[in-house]
Amino acid sequence: MEDKDDLAVVEREEPPRHKQSFDIRKAAAGLVDGAGSAMAGAVATVQKVADGAMRAATPLVNDALAAIADAADGAAGTAADIGDAVNDWAYQQQLNRYRPVTKETYQSPSFHLPNMIRIVDGNERRGIDACRDAIGWLDTVKGTQIFNLYREAIGDSELSFYPKPSLYSTYYIDAFDRSRFVDLDSYFATMQQDKMAELRRIAFMLGAKRCKLEVTEYEETRRGRQVKGNAKAGKKGSVRIDGSLSDSTRSEKKILFTQEFEGDMVPQRPELHWYAHDSDVLLLIETRCGGEDKNKAKSYRVELKSETTMTMSVSLAMAIDEACSKLNIRANSSLTSQAKRELRQSFVFEVEF
């Protein structure tokens with residue numbers, strides 16, 4: 001099974017873009033010599049478009065091509081070749097700029113699906129030639145890649161979106177299921193629910209009678225108070241000392257769940273995802289499933305380590321928040337604050353058999 005840490009790595013590198021090497025001046029050099037100023041002006045116009053004037057490129061190119069055809073009397077074939085090259089160039093520039101993804105590209109083994117997907121309106125970019133057959137497009141912000149998927153193409157994607165696919169919502173990949181994407185606004189809450197469900201399943205599979213999960217959240221508070229005093233400094237007078245004392249740590253405990261079972265299950269090793277590398281959970285399983293059915297544990301209390309079950313790292317959360325900000329994607333709360341909050345939490349899992 002794929003380890004969740006693989007998903008916390010910086011997004012995959014974007015595929016290299018094609019570089020434009022076509023030079024209309026060189027392609028039309030022979031015609032310019034024999035066709036006079038009209039040809040020279042037409043070629044110069046097309047080259048100006050080719051050198052970077054993307055906006056309103058189509059009418060300029062069409063006018064220039066018409067001028068080339070008129071001026072190139074007796075050399076229609078060469079003018080047509082230039083026209084084809086210009087059209088190919090213009091289409092390639094659209095591919096580079098808009099980065100459309102067709103169904104064929106999406107289904108190709110070489111296509112790497114980004115970890116973040118935004119659902120967009122299928123009418124967006126439909127008027128652009130290179131985007132007409134696309135099911136979406138790619139964006140990249142400082143190494144974070146986002147797949148903008150047309151709502152009409154969700155079925156073609158063969159992906160599931162939790163809690164449901166919604167227009168202009170943004171989703172991040174499930175830590176253990178690459179076909180499931182979870183809404184960013186509820187990502188941390190959903191992952192916590194998954195963790196709790198896994199702990200319940202562990203208790204059930206091990207034959208527990210009762211289990212409980214308690215969370216303690218620590219929060220630093222600053223309560224400043226001034227400290228004043230006087231200290232003698234010889235005959236010249238006194239020195240006033242000012243200072244402040246601040247800091248304290250507040251904690252809040254809450255029971256996340258309690259569960260009771262009949263306790264008649266023959267202990268079995270559960271399938272692990274979030275807690276596959278937690279040594280305390282692994283020891284709990286061994287005390288119930290190992291030892292040739294002897295000296296089994298009757299109760300177990302363990303403080304679960306947040307380092308082994310982090311929903312996502314703070315650095316990854318910051319990168320996603322930055323990408324969302326650059327693309328004007330709004331969220332109910334920042335992922336960075338939620339990742340930091342998770343680090344301030346301590347979970348205690350109690351099981352009785």
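How many helices and strands does the protein have? The protein has 10 helices and 13 strands, where helices (H or I, at least four residues) and strands (E, at least two) are DSSP runs numbered from the N terminus. The model is predicted, so local features need pLDDT of at least 70 and side-chain atom pairs count only at pLDDT 80 or more, while totals for chains, interfaces and linings use all residues. Residues are numbered from 1 along each chain as its sequence is written, and side-chain values use heavy atoms, with hydrogens and water left out.

**Overall figures**

- Of the 353 residues in the protein, 41% are buried; buried means under 20% relative accessible area, exposed over 50%, and partly exposed in between (1.4 Å probe, protein chains only).
- Among contacts between residues at least 6 apart in sequence, 69% join residues at least 24 apart; a contact means heavy atoms within 4.5 Å.

**Nonpolar core**

- The largest nonpolar core has 64 residues; such a core is a set of buried Ala, Val, Leu, Ile, Met, Phe, Trp, Tyr and Cys residues joined through side-chain atoms within 4.5 Å.
- Helix α7 (residues 187-205) gives the largest share of this core, seven residues.
- The residues with the most contacts inside the core include Phe161, Ile320 and Phe349.
- Apart from neighbours within four places in sequence, Phe161 is in contact with Ile117, Ile119, Leu149, Ile154, Tyr171 and Phe181.

**Helices α9 and α10**

- Two packed helices are described by the angle between their axes and the distance between the axes.
- The axes of α9 and α10 (residues 335-343) come within 7 Å and cross at roughly 165°; axes are lines fitted to C-alpha atoms, for helices over the stretch in contact, and angles run from 0 to 180 degrees between N-to-C directions.
- Because of that angle, α9 is roughly antiparallel to α10; angles over 145 degrees count as roughly antiparallel, under 35 as roughly parallel, 65 to 115 as roughly perpendicular, and the rest as oblique.
- Residues Val314, Ala317, Met318, Ile320 and Asp321 of α9 meet Leu335, Thr336, Ala339, Lys340 and Leu343 of α10.
- By class, this contact has seven nonpolar, one polar and two charged residues; Ala, Val, Leu, Ile, Met, Phe, Trp, Tyr, Cys and Pro count as nonpolar, Asp, Glu, Lys and Arg as charged, and the others, Gly among them, as polar.

**Two buried residues**

- Ser306 is in the loop between β12 (299-304) and α9 (314-326), and Ser306 counts as buried because its relative accessibility is 12%.
- Ser306 and Gln345 are 39 residues apart along the chain, and their C-alpha atoms are separated by 7.4 Å.
- Leaving out neighbours within four places in sequence, Ser306 is in contact with Glu342, Leu343 and Gln345.
- Thr216 is in strand β8 (residues 210-221) and counts as buried because its relative accessibility is 6%.
- Thr216 touches Ser251, Glu252, Lys253, Arg344, Gln345 and Ser346, not counting residues up to four places away in sequence.

**Backbone details**

- The peptide bond from Tyr162 to Pro163 is cis, with omega near 0°, and Pro163 lies in the loop between β5 (160-162) and β6 (170-173).
- Arg125 is not a glycine, yet its phi is positive, near 65°; Arg125 lies in the loop between β2 (116-120) and β3 (134-141) and counts as partly exposed because its relative accessibility is 26%.
- Glu158, also not a glycine, has a positive phi of about 60°; Glu158 is in the loop between α6 (154-157) and β5 and counts as exposed because its relative accessibility is 68%.
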